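The structure is shown first.

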Amino acid sequence: MDGRQGRVEKVFRDPVHDFITVSHPVLIALIDTPEFQRLRRLRQLGCAFGTYHGAEHSRFGHSLGAMHVMGKVLARLARAAGLQLDPDLELLAQAAALLHDVGHGPFSHGLERVLTPGVGHEQWTRAVVTGPTSIREVLEGYGPGLAARVAAVLDGELPGELAWVHRLVSSQLDVDRMDYLLRDALFTGAFYGRFDLERLINTLTLVDGQVAFTYKGLPNAEEYILARHYMYWQVYFHKTTRAQDLVLRSLWRRVQELVRQGLHPLDGPWTPPTLRPFLAGEPVALEQYLAVDDHDVMFAIKMWLHHPDPVVADLSARFLHRRLLKPVWRQPPAQPQPQVLEEAARLVRRRGWDPAYYCLLDRTEDVAYDLYVPAGPAGASHPILAVDAHGQLQELSQVSDIIRALARRARTAVNLYVPAEVRDELAQRLKPVAPQGAGR
């Protein structure tokens with residue numbers, strides 16, 4: 001409590017931003033809701049804790065950080081572009097940044113669209129913001145229609161003159177990435193993911209309703225893009241993390257298959273009640289979705305260690321004890337030929353494993369993080385803009401040789417994951433026919 005102003009503040013000691021001070025009563029109330037507190041029980045990097053032992057940080061801390069960075073960016077734009085910040089617009093932007101990840105499920109991207117097929121965390125976030133939740137009550141209690149306006153920011157449905165607010169929440173240059181790159185770099189120990197956030201923010205401006213780097217900010221833009229590039233390939237696409245994701249998904253598929261066959265009774269001792277509607281493939285209500293977090297899944301896997309089905313028991317042990325599947329190729333091909341995959345499946349089966357669960361093709365392009373590409377398909381993220389030497393807005397790669405070279409370097413990687421006991425034999429057999437391609 002600030003006795004002079006009668007104002008309540010909450011101060012969070014943050015490992016990335018030092019102190020995060022929250023004074024708006026709506027933001028404080030949002031943080032205190034059960035739906036937001038649930039983010040403490042969701043790891044930010046999903047299964048990456050098995051690769052980087054420090055990666056135990058939560059989506060709670062990241063969401064606070066995104067809100068904090070949004071406040072700093074808004075203050076910068078107000079100074080640099082003479083932007084008159086309406087207090088309600090400032091609250092709207094910070095609330096959207098705070099709540100942008102509130103719809104994530106257990107193990108984040110590791111089980112996304114697996115727990116609820118066809119429905120990603122973005123749709124669940126909208127449901128949390130606009131549905132029968134404490135978050136909606138807080139927003140509507142401040143002003144009718146505020147929940148719908150926050151959802152509009154998250155969905156990119158604001159009027160054209162305010163589109164930049166959405167892009168600060170979700171685009172190639174947004175407060176989400178500004179926080180998670182630094183946070184993930186810190187907790188994984190990946191120094192190449194770090195960049196000068198304060199300098200980056202202080203080289204932003206607003207031109208014709210679009211956030212852009214000033215010309216003197218080009219080195220900071222390059223540093224930011226390079227940090228993203230290396231984090232994707234050294235952390236988010238790390239082969240061990242990908243293996244742990246694959247084992248988790250394979251295990252989930254196996255249990256679901258047993259449920260369909262009637263061999264895994266959901267009212268039996270093997271599955272926590274909170275997970276039963278997901279495994280049964282039933283429509284999941286918002287209340288049921290919000291009742292699950294990382295702990296429910298980990299408890300289930302510990303129970304499944306003793307499951308009578310040998311595949312479920314083995315995959316559970318592999319996940320918990322880090323006896324993961326191994327990638328076949330040290331340098332992955334761009335795309336394995338069908339005969340390669342058929343030969344791999346035959347060998348895995350001959351050695352006693354069901355290839356449906358133990359011979360798994362992984363494509364890094366399926367990961368829910370996208371590399372910076374200036375020209376993409378319709379609906380791709382808004383490009384990063386910079387002011388050139390003549391004061392004109394340009395797409396970043398048009399004014400930076402470094403980014404232009406990086407953007408032209410397409411990198412894809414596909415790998416095949418199998419039990420360690422068969423990996424070396426399979427690699428030797430497939431060596432003559434495995435196509436060579438870009439990737440790592």
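Predicted model: local features only at pLDDT ≥ 70, side-chain atom pairs only at ≥ 80, totals over all residues.

Residues are numbered from 1 along each chain as its sequence is written, and side-chain values use heavy atoms, with hydrogens and water left out.

**The buried face of H5**

Helices (H or I, at least four residues) and strands (E, at least two) are DSSP runs, numbered from the N terminus. In helix H5 (residues 121-130), the buried residues (under 20% relative accessible area, with exposed over 50% and partly exposed in between; 1.4 Å probe, protein chains only) are His 121, Trp 124, Thr 125, Val 128 and Val 129. They lie on the same side of H5, because they cover an arc of only 135 degrees around the axis, taken from the directions from the helix axis to the C-beta atoms. An α-helix has 3.6 residues a turn, so residues three or four places apart point the same way. Contact means heavy atoms within 4.5 Å. The buried residues of H5 pack against helices H2 (34-37), H4 (87-99), H6 (134-142), H7 (146-155) and H14 (286-290).

**Two helix pairs**

Two packed helices are described by the angle between their axes and the distance between the axes. Axes are lines fitted to C-alpha atoms, for helices over the stretch in contact, and angles run from 0 to 180 degrees between N-to-C directions.

| Pair | Axis approach | Crossing angle |
|---|---|---|
| H3 (residues 59-81) and H9 (residues 175-188) | within 8 Å | roughly 125 degrees |
| H6 and H7 | within 7 Å | roughly 115 degrees |

H6 is thus roughly perpendicular to H7, whereas H3 and H9 are oblique to each other; angles under 35 degrees count as roughly parallel, over 145 as roughly antiparallel, 65 to 115 as roughly perpendicular and the rest as oblique.

Among the residues of H3 that meet H9 are Gly 61, Gly 65 and Val 69, and the H9 side includes Val 175, Asp 179 and Arg 183. In H6, Arg 136, Leu 139, Glu 140 and Tyr 142 meet Leu 146, Ala 147, Ala 148 and Val 150 of H7.

**Two buried residues**

His 68, which lies in helix H3, is buried, with a relative accessible area of 17%. Beyond its neighbours within four places in sequence, His 68 is in contact with His 17, Phe 19 and Ile 20. Gly 268 belongs to the loop between helix H12 (239-260) and helix H13 (276-279), and is buried, with a relative accessible area of 17%.
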